[in-house]
2 protein chains.
Amino acid sequence: MPKSRAAATSRGVRKIIRRDPAAGDRNGRSHPVAPPQSTSAEPSSLATRAYLEIRNKILKGDLPIGMALSRRQLAMELSVSVPPVTEALQQLESEGLLESRPRVGTRVRVPSRQDVEDRSLVREALETQAARLFAERAPAAEKEDLRRRGRELDRLYAQCETGSVDREFLFSVNSFHLDFHLRIADCARCPALRHAIEKEQVLIFYWLYDTAVERRNLSSDYHARLADALARGTPEAADSAMRHHIRHGLQEVLAGLKHLGKSAGAWRLKKHERTSDL
Amino acid sequence: MPKSRAAATSRGVRKIIRRDPAAGDRNGRSHPVAPPQSTSAEPSSLATRAYLEIRNKILKGDLPIGMALSRRQLAMELSVSVPPVTEALQQLESEGLLESRPRVGTRVRVPSRQDVEDRSLVREALETQAARLFAERAPAAEKEDLRRRGRELDRLYAQCETGSVDREFLFSVNSFHLDFHLRIADCARCPALRHAIEKEQVLIFYWLYDTAVERRNLSSDYHARLADALARGTPEAADSAMRHHIRHGLQEVLAGLKHLGKSAGAWRLKKHERTSDL
DNA sequence: ACGCGCTAACTGATATATCAGAGAATGGGA
DNA sequence: TCCCATTCTCTGATATATCAGTTAGCGCGT
């Protein structure tokens with residue numbers, strides 16, 4: 001197992017292990033470093049895997065909002081080395097899920113009110129454009145499909161309010177919600193727009209919905225009406241409907257965010273609360 | 001010089017050079033790698049410097065459109081090691097200026113017609129939002145300042161058409177153009193939106209303007225009229241004016257892109273490259 | 001007792017070394 | 001002459017080691 005070496009990160013045993021250059025180095029290959037990797041999914045580099053795993057942990061709430069992260073610790077947990085973790089954290093930071101200070105550390109981003117309002121405006125920009133294109137380009141079948149998804153989504157939210165607050169179920173509803181909005185961008189036939197919506201800013205809102213906003217008082221046809229407007233209206237009408245939808249969502253997030261305490265200090269963890277669970 | 005080892009990447013001379021740990025290594029410091037660096041700007045890590053330098057090379061046209069890049073070569077030219085260059089290239093790729101394939105290489109992105117259209121739609125989304133916020137939030141003094149900048153910009157473009165096609169001058173005009181648009185986002189008081197406009201997609205257009213579009217047949221008040229609409233109109237009017245402005249710019253870029261020959265092969269020297277249209 | 005400065009440990013940042021795959025050049029065979 | 005396989009050298013990807021800075025913890029002086 002290659003991990004046996006990586007596990008020995010203790011400082012005292014800094015002995016320099018070097019192969020003798022004159023040893024039986026005929027045609028090299030004395031590094032049995034990474035033979036396993038039977039995942040065999042071709043687009044999954046180690047960095048990509050690390051990125052997805054860490055992102056899921058954040059979205060699921062396993063890593064709470066002010067949580068400090070360590071590249072080395074994450075590398076050990078994910079059974080990879082530091083560089084892939086570094087790349088993953090950089091990407092997550094560029095997406096706004098993490099924040100870091102040069103020589104201090106990296107932690108799950110604690111958003112300020114200004115952050116949330118700004119990002120909502122970016123989301124408004126991107127999703128109103130998607131709404132325009134959807135109204136303009138999507139064929140009738142896809143429009144009808146979106147309306148069906150909207151009704152299904154409202155049904156799921158209503159189910160959430162009846163009391164079954166299962167954590168896993170909430171996560172799945174949230175994923176369905178995210179899919180609903182991404183579906184609009186998909187049908188807009190603009191991959192760059194879809195990518196921007198998924199990656200840059202909007203992800204945070206669905207994360208905040210799940211993390212900060214607890215109760216939702218949505219009308220029973222909240223998303224169905226949006227879908228109707230997108231499916232039947234002009235591009236301008238779709239833009240307007242999406243704009244109102246997002247501004248309403250912003251108010252909800254801001255209201256839920258007030259409850260978030262000021263427990264956001266601590267870039268580095270105290271000596272005792274190390275090796276926390278995750 | 002530690003670079004002497006990096007230069008000798010030949011396979012036969014795989015001699016392992018190791019410092020003797022017991023040698024006169026009192027208090028270490030045998031790495032005279034990057035001592036100069038008199039820039040002294042504190043937020044400039046090596047990766048950031050590399051990012052800025054490479055980006056400028058691309059924007060200035062020093063690295064033409066299909067140009068293949070090598071991490072090691074860039075590291076040598078910039079007098080840094082490979083990891084900072086890697087980080088810089090990843091960021092530039094995420095911004096769309098570069099493209100890479102897993103084990104083949106990295107090169108300056110050659111945009112397809114579909115790419116350009118998609119990105120223009122993203123740009124439209126972000127900048128129309130900035131226009132709305134500008135009309136809504138910017139104080140009168142800033143609005144007047146923008147109108148002045150618009151007139152100045154038109155003057156510079158007119159000067160470009162008189163024949164003085166100095167490369168450096170074109171670059172400066174382009175920078176002024178970029179500043180003009182970023183100024184709108186600044187006055188919109190939304191840092192996230194400003195950041196998105198600067199980083200994600202829009203940069204490419206100003207790059208294409210300089211690289212692909214040679215002649216500009218702009219009316220003499222092209223940007224002045226845009227500034228007037230933003231300064232005096234309602235948010236909706238500002239949105240509309242910006243939308244038309246950007247769509248016109250897209251047509252220009254597409255027209256200029258047609259002249260770009262199929263000289264965009266060769267990751268290293270390859271033949272099967274799609275670039276089906278444009 | 002309280003505040004200030006010192007020490008140690010942990011962090012990210014950077015450098016270096018090694019690995020594995022992809023492509024082009026080249027040489028041999030049909 | 002042309003095609004195919006071998007080889008060689010390039011690339012990015014990953015791993016490991018070392019550097020430099022920040023901060024928490026703690027002792028000492030006032």
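**Close-up views**

**View 1. In β3(B), B:T106 is the bridge partner of B:L69.** The model is predicted: local features need pLDDT of at least 70, side-chain atom pairs count only at pLDDT 80 or more, and totals for chains, interfaces and linings use all residues. Residues are numbered from 1 along each chain as its sequence is written, while chains are lettered from A and ligands numbered from 1 in the order in which they are written. Strands are DSSP runs of E, at least two residues long; helices are runs of H or I, at least four residues long; both are numbered from the N terminus. Two strands pair if DSSP finds at least two bridges between them. Here β1(B) and β3(B), residues 105-108, pair in the antiparallel sense over 2 bridges. They belong to an open sheet of 3 strands in chain B, ordered β1-β3-β2, with antiparallel pairing. Its edge strands are β1 (68-69) and β2 (98-101) of chain B, each pairing on one side only.

**View 2. Helix α4 of chain B, residues 82-94, lies across β1, β2 and β3 of chain B.** The helix runs at about 110° to β2(B). Axes are lines fitted to C-alpha atoms, for helices over the stretch in contact; angles run from 0 to 180 degrees between N-to-C directions. Contact between two residues means that their C-beta atoms, placed from the backbone, lie within 7 Å. Look also at the loop between α3 (71-78) and α4 of chain B, which holds B:S79. B:S79 is not a glycine, yet has a positive phi of about 60°. How exposed is B:S79? It is partly exposed, because 14 other C-beta atoms lie within 10 Å. The cut-offs are 20 or more other C-beta atoms within 10 Å for buried, 12 or fewer for exposed, and anything in between for partly exposed, with C-beta atoms placed from the backbone.

**View 3. In chain A, an open sheet of 3 strands has the order β1-β3-β2.** The pairing is antiparallel. β1 and β2 of chain A are the edge strands, and each pairs on one side only. β1(A), residues 68-69, joins β3(A), residues 105-108, over 2 bridges. On the β2 side, 4 bridges link β2(A), residues 98-101, to β3(A). A hairpin of 3 residues connects β2(A) to β3(A). Which residue of β3(A) stands opposite A:A68? That residue is A:R107. A:R107 is also the bridge partner of A:E99. A:L98 stands opposite A:V108.

**View 4. A:G105 sits in strand β3 of chain A.** A:G105 counts as partly exposed, because it has 16 other C-beta atoms within 10 Å. Neighbours within four places in sequence aside, its contacts are A:A68, A:S100, A:W267 and A:R268. A:A68 and A:G105 are 37 residues apart along the chain. Their C-alpha atoms are separated by 7.2 Å.

**View 5. Helix α5 of chain A packs against helix α5 of chain B.** Each helix spans residues 113-137. Their axes are 9 Å apart and meet at an angle of about 125°.

**View 6. The largest nonpolar core has 58 residues.** A nonpolar core is a set of buried Ala, Val, Leu, Ile, Met, Phe, Trp, Tyr and Cys residues joined through C-beta atoms within 7 Å. In soluble globular proteins, nonpolar side chains tend to be buried together. Which residues touch the most other members? They are A:F134, A:L193, A:L230, B:F134, B:L193 and B:L230. Residues up to four places away in sequence aside, B:L230 touches B:A131, B:F134, B:A135, B:L146, B:I184, B:A238 and B:A241.

**View 7. B:R189 lies in the loop between α7 (167-187) and α8 (191-201) of chain B.** B:R189 has a positive phi of about 60°, although it is not a glycine. It is partly exposed, with 16 other C-beta atoms within 10 Å.

**View 8. Chain A has 11 helices and 3 strands.** Of its 278 residues, 31% count as buried. Among contacts between residues at least 6 apart in sequence, 78% join residues at least 24 apart.
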